[in-house]
Amino acid sequence: MKNFEEIRRRAQAVSAKPRIAVVVPDRHSLEAVTEAVDLGLASAAFFMTTTTEQYVLDQVRNSEFSYYVLETAEEAAEYAVAACAASECQMLMKGNLDSSVLLHAVLKKDSGLTTGKLLTHLAWLEMPSYHKLFIVTDGGMIPYPSLEEKEGILQHAVSYSQRLGLSRPKVAVLAATEKVNPKLRETREAAYLKEQAVQGKYGNCMVEGPISFDLAYMAAAAAAKGYNSPVAGDADVLLVPDLVSGNLLAKGLVYGGGGKMAGLIVGARIPILLISRSASAAEKMNTIALAVVLAQTPAEKEAR
């Protein structure tokens, strides 16, 4: 897919209308959810606090949305997670609270939302300088992933790319250099992931690595360096070495490169819509539309 407009159109064709549990909403998340409801993509319930902005409180109270007012963000997160665990809501959305507060509620042993699978963050980006949507992962969940965790991150990225219609996603395992350096762990691990992908360990995908960002992103840079790979300049997934590099890369592309983003945590029982509090209403709407499309059942996809 080339852009988020295509995602929105696909979301409008989905028959199921999930209910989103919005935790500590701000103006941007309220605007995004309201637009999603108006477009027929979803319904919502709001889990607010006594310190939620008065404008947001008033707008929600005067709407047809269900809402709850709790004392703290921690309480709001716990109530929202409980609503999702009880299937009263089918998606969980971060509003104006720290990601750590929301994730603490999700990761409790008795939350009802974890499945034993690795949870990872996928950020989809639309760039004016790139020809299609692509994923940056993991810039929001696992600080310093082990090699085994990187395999899980890769498999999630491949799986969710395929849900969007990519039969064989191209994965660039990023490093500072395209050559294996014994002193740089990320280059050794990238080479291992590429080798395992060739043997079919991660399903139908193409993995290249180690590869630097410029080669993965720009075919001209790869040509200038004489680097030949089908992934160069055409990557669907940028797998980063750690959370810090992924977070910096994604935010740098958005705020410095004019990009648009949507973000999800995957691996739980339900989609967790998680994007920066500074994200625009449009980006939060992109995240809702993306979650709606990805949550389709196989039967719904077949019907389309």
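**Close-up views of a predicted model**

α5, β5 (120-126), α10 (243-257) and β10 each give at least two residues to the lining of the second largest pocket.

**View 1. The second largest pocket of this predicted model holds about 300 Å³ of space.** Look for H121, G139, G140, N247 and L274, the closest to the pocket centre of its 19 lining residues. Helix α10 makes the largest share of this lining, with five residues. Sorted by class, the lining of the second largest pocket comprises eight nonpolar, nine polar and two charged residues.

View 2. Two or more lining residues come from each of α6 (147-163), β10 and α11 (281-294). Strand β10 provides the largest share, three residues. The lining of the largest pocket counts 15 nonpolar residues, along with four polar and three charged ones.

**View 3. One cavity of 30 Å³ or more turns up in a search of the whole structure.** The volume of the largest cavity is about 30 Å³. Around this cavity you will find K150, V173, L174, E186, E189, A190, L193, L239, V240 and P241. Both β7 (170-174) and α7 (185-198) contribute at least two residues to the lining, and α7 has the largest share, with four residues. Seven of the lining residues are nonpolar and three are charged, while no polar residue takes part.

**View 4. An open sheet of 11 strands has mixed pairing.** To trace the sheet, follow the order β3-β2-β1-β4-β11-β10-β5-β6-β9-β7-β8. Strands β3 and β8 (206-211) are the edges, each pairing on one side only. Within the sheet, β6 (residues 134-137) and β9 (residues 237-239) run parallel and are joined by three bridges. T137 is a handy landmark here, standing opposite L239 in β9.

**View 5. Strands β2 (residues 43-49) and β3 (residues 66-70) pair in parallel over five bridges.** In the pairing itself, A45 sits opposite S66 of β3.

**View 6. Helix α5 (residues 99-107) lies across β1, β4, β10 (260-266) and β11 (272-273).** The helix runs at about 155° to β4. As seen in View 1, α5 also supplies at least two residues of the lining of the second largest pocket.

Methods
Residues are numbered from 1 along each chain as its sequence is written. This is a predicted model: local features need pLDDT of at least 70, side-chain atom pairs count only at pLDDT 80 or more; totals for chains, interfaces and linings use all residues. Side-chain values use heavy atoms; hydrogens and water are left out. On a 1 Å grid over the protein atoms alone, a cavity is a set of points where a 1.4 Å probe fits but cannot get out, and a pocket is an open set with protein on both sides within 12 Å along at least five of seven lines; lining residues have an atom within 4 Å of a point. Grid points are joined across faces, edges and corners, and a volume is the space filled by probe spheres set on the points. Ala, Val, Leu, Ile, Met, Phe, Trp, Tyr, Cys and Pro count as nonpolar, Asp, Glu, Lys and Arg as charged, and the others, Gly among them, as polar. Two strands pair if DSSP finds at least two bridges between them. Contact means heavy atoms within 4.5 Å. Axes are lines fitted to C-alpha atoms, for helices over the stretch in contact, and angles run from 0 to 180 degrees between N-to-C directions.
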